[in-house]
Amino acid sequence: MFHKTLTMAAVVALAAVPAVAQTFRAENRVDVTPALNNAFQISSGGDYGARGMWCAASDYAQDVLGASGTSRIYITEPRTSTSGPVTFSLDANGTQGKSVSIVGASLRQLGANLSVDHAYQFCYDARITNSR
């Protein structure tokens with residue numbers, strides 16, 4: 001009886017521990033790290049720069065968060081250094097949405113956003129490179 005009670009207590013305790021966030025590897029081999037409230041962080045665009053980061057953001061939004069192609073991806077924490085991470089979200093989180101006109105500069109703009117489909121177009125760069 002004691003063993004059964006102890007086992008149940010262990011199961012309940014483990015169920016209360018939040019699952020460790022798993023890193024997602026996007027199709028362009030860029031890592032995406034989940035954050036709080038369906039936000040996610042990307043530290044590097046790999047060999048594809050800003051286009052690689054937007055590609056990875058769209059891949060994550062579709063595959064993990066179930067976003068549609070018309071959903072918007074927003075930068076909720078912009079890059080503060082030349083190699084710092086960028087936090088993206090499907091929720092504008094109170095930012096003033098700004099259309100992206102220059103992809104590289106967009107990583108430093110709070111509220112910069114693209115549709116999931118538009119951002120996914122940047123994944124073609126990786127497909128062309130990987131098919132060679």
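A residue is called buried when its relative accessible area is under 20%, exposed when over 50%, and partly exposed in between, using a 1.4 Å probe and protein chains only. Welcome to a predicted model, in which local features need pLDDT of at least 70, side-chain atom pairs count only at pLDDT 80 or more, and totals for chains, interfaces and linings use all residues. Residues are numbered from 1 along each chain as its sequence is written, and side-chain values use heavy atoms, leaving out hydrogens and water.

**The chain as a whole**

- Contact here means heavy atoms within 4.5 Å. Among contacts between residues at least 6 apart in sequence, 57% join residues at least 24 apart.
- The accessible surface comes to about 7900 Å², and 55% of that belongs to carbon and sulfur atoms; such areas come from the Shrake-Rupley method with a 1.4 Å probe, and for residues only the protein chains shown count as cover.

**Strand E5 and its partners**

- Two strands pair if DSSP finds at least two bridges between them.
- Strand E3 (residues 40-42) pairs with E5 in the antiparallel sense over 3 bridges, and Phe40 stands opposite Phe88 of E5.
- Strand E4 (residues 72-77) is also antiparallel to E5, again over 3 bridges, with Ile75 as a bridge partner of Phe88.
- In a regular strand, side chains alternate between the two faces of the sheet.
- In E5, Val86 and Phe88 point one way while Thr87 and Ser89 point the other way, and all are buried.

**A closer look at Thr87**

- Thr87 sits in strand E5, which spans residues 86-89.
- Thr87 counts as buried because its relative accessible area is 5%.
- The side chains of Thr87 and Gln41 are joined by a polar contact of 3.4 Å; the term covers a pair of N or O atoms within 3.5 Å where, within protein, one must be able to donate a hydrogen and the other to accept it, and residues adjacent in sequence count only if both atoms are side-chain atoms.
- Beyond its neighbours within four places in sequence, Thr87 is in contact with several residues, including Ala39, Phe40, Tyr74 and Glu77.

- Ser106 belongs to helix H3 and is buried, with a relative accessible area of 0%.
- A polar atom of the Ser106 side chain lies 2.4 Å from the backbone oxygen of Val103.
- Not counting residues up to four places away in sequence, Ser106 touches Trp54, Ile75, Val100 and Ala112.
- Gln109 lies in the loop between helix H3 (103-106) and strand E7 (112-115), and counts as partly exposed because its relative accessibility is 30%.
- Leaving aside neighbours within four places in sequence, Gln109 is in contact with Ile75 and Pro78.
- Gln109 and Thr76 are 33 residues apart in sequence, and their C-alpha atoms are 8.7 Å apart in space.

**The disulfide**

- A disulfide is a pair of cysteine sulfur atoms within 2.5 Å, and by this rule the count is 1.
- Cys55 and Cys123 form a disulfide, with their sulfur atoms 2.0 Å apart.
- This pair links distant parts of the chain, 68 residues apart: Cys55 in helix H2 (residues 49-63) and Cys123 in helix H5 (residues 123-130).
- The link of Cys55 and Cys123 is right-handed, with 105° about the S-S bond.
- Both Cys55 and Cys123 are buried.

Note on methods. Helix = DSSP H or I, 4+ residues; strand = E, 2+ residues; numbered from the N terminus.
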